[in-house]
Each structure stands twice: as structure tokens, then as C-alpha cells.
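Please look through the sequence and the structure shown here before reading the notes that follow. They are meant as a short briefing, arranged by topic.

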Amino acid sequence: MIKQPYRLYIERKDATLNIARFYSLEIGSNLFGEICLTRRWGRIGALGQTTAHQFSQEEEAIRFFLDLARRKLRRGYRPRTAAPTEQPMT
């Protein structure tokens, strides 16, 4: 059983290099109740690719989650910034 949900969604955008990618991590349980870290990545707007890793301990999954997050942040991925909300004209 997962004690706390772990989720991360980050993007890397660079118009000069034509880069628009996303990377997503999530720790949860699979259908058999095992600890599962799911990774998704690809071009923004596409379904991308998915892979899952099973762990016997939640701590192992968390260590792997943090290691992957550090690697992606070093490569320039950042959390998605929210679009500014528009104020209605009065």
C-alpha cells in the first residue's frame, strides 16, 4: 500500500532547437497491489511512451523517482508554468 502519492510532470521547451518534450513520473500500485513507478515521456501533444517498474519496497521506488527527477532537471526540464488568467474587460 502506498503511504503517499508521488507525481511529477515536467517539460522541456526550446523553440530555437525545436524541442517540446514532456516527462511524467508517478508512484502507485498495480492491479496486484505491488509498488509501481510509471514513467511517460515524449513530444508535447502526443501520447508518448510508457514504461513501468515494480518494487518490493516503497522506499526503493522513491529513491528511483528522485534519481530520475534529478537527471531530468539537470537536462533542462522544468515544471509547466500556468498560463496567465485573462481578466474580463469591464
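How many Å² does the accessible surface of the protein chain come to, and what percentage of that surface belongs to carbon and sulfur atoms? The accessible surface is about 7000 Å², and 53% of it belongs to carbon and sulfur atoms; such areas come from the Shrake-Rupley method with a 1.4 Å probe, and for residues only the protein chains shown count as cover. This is a predicted model, in which local features need pLDDT of at least 70 and side-chain atom pairs count only at pLDDT 80 or more, while totals for chains, interfaces and linings use all residues. Residues are numbered from 1 along each chain as its sequence is written, and side-chain values use heavy atoms, with hydrogens and water left out.

**Overall make-up**

- The protein chain holds one helix and five strands, where helices (H or I, at least four residues) and strands (E, at least two) are DSSP runs numbered from the N terminus.
- Of the 90 residues in the protein chain, 27% count as buried; here buried means under 20% relative accessible area, exposed means over 50%, and partly exposed lies in between (1.4 Å probe, protein chains only).
- Among the contacts in the protein chain with a separation of 6 or more, 41% come from residues 24 or more positions apart, a contact meaning heavy atoms within 4.5 Å.

**The sheet and its helix**

- The five strands form an open sheet in the order β4-β3-β2-β1-β5, with antiparallel pairing; two strands pair if DSSP finds at least two bridges between them.
- Strands β4 (49-55) and β5 (78-79) stand at the edges with a single partner strand each, so one side of each is left without a neighbour in the sheet.
- Helix α1 (residues 58-74) packs on the sheet and touches β1, β2, β3 (35-43), β4 and β5, while its direction makes about 170° with that of β2; the axes are lines fitted to C-alpha atoms, for helices over the stretch in contact, and angles run from 0 to 180 degrees between N-to-C directions.

**Strand β1 and its partners**

- Strand β1 (residues 6-14) is joined by nine bridges to the antiparallel strand β2 (residues 19-29).
- Across this pairing, Lys-13 stands opposite Ala-20, and Asp-14 stands opposite Ile-19.
- The two strands form a hairpin with four residues between them, and Asn-18 in the turn has a positive phi of about 60°.
- Two bridges join β1 to β5, which also run antiparallel, and Glu-11 has Arg-78 of β5 as its bridge partner.

**Salt bridges**

- The structure holds three salt bridges, each being a side-chain nitrogen of Lys or Arg within 4 Å of a carboxyl oxygen of Asp or Glu.
- Arg-7 and Glu-26 meet in one of them, at 3.2 Å from N to O, and this pair links distant parts of the chain, with Arg-7 in β1 and Glu-26 in β2, 19 residues apart.
- Arg-7 is exposed at 66% relative accessibility, whereas Glu-26 is partly exposed at 35%.
- Glu-11 forms a salt bridge with Lys-13, with the closest N and O atoms 3.5 Å apart; Glu-11 counts as buried at 9% relative accessibility, whereas Lys-13 is exposed at 59%.
- Arg-71 and Asp-67 meet in a salt bridge at 2.6 Å from N to O, and both lie in helix α1, four residues apart, which is about one turn of the helix.
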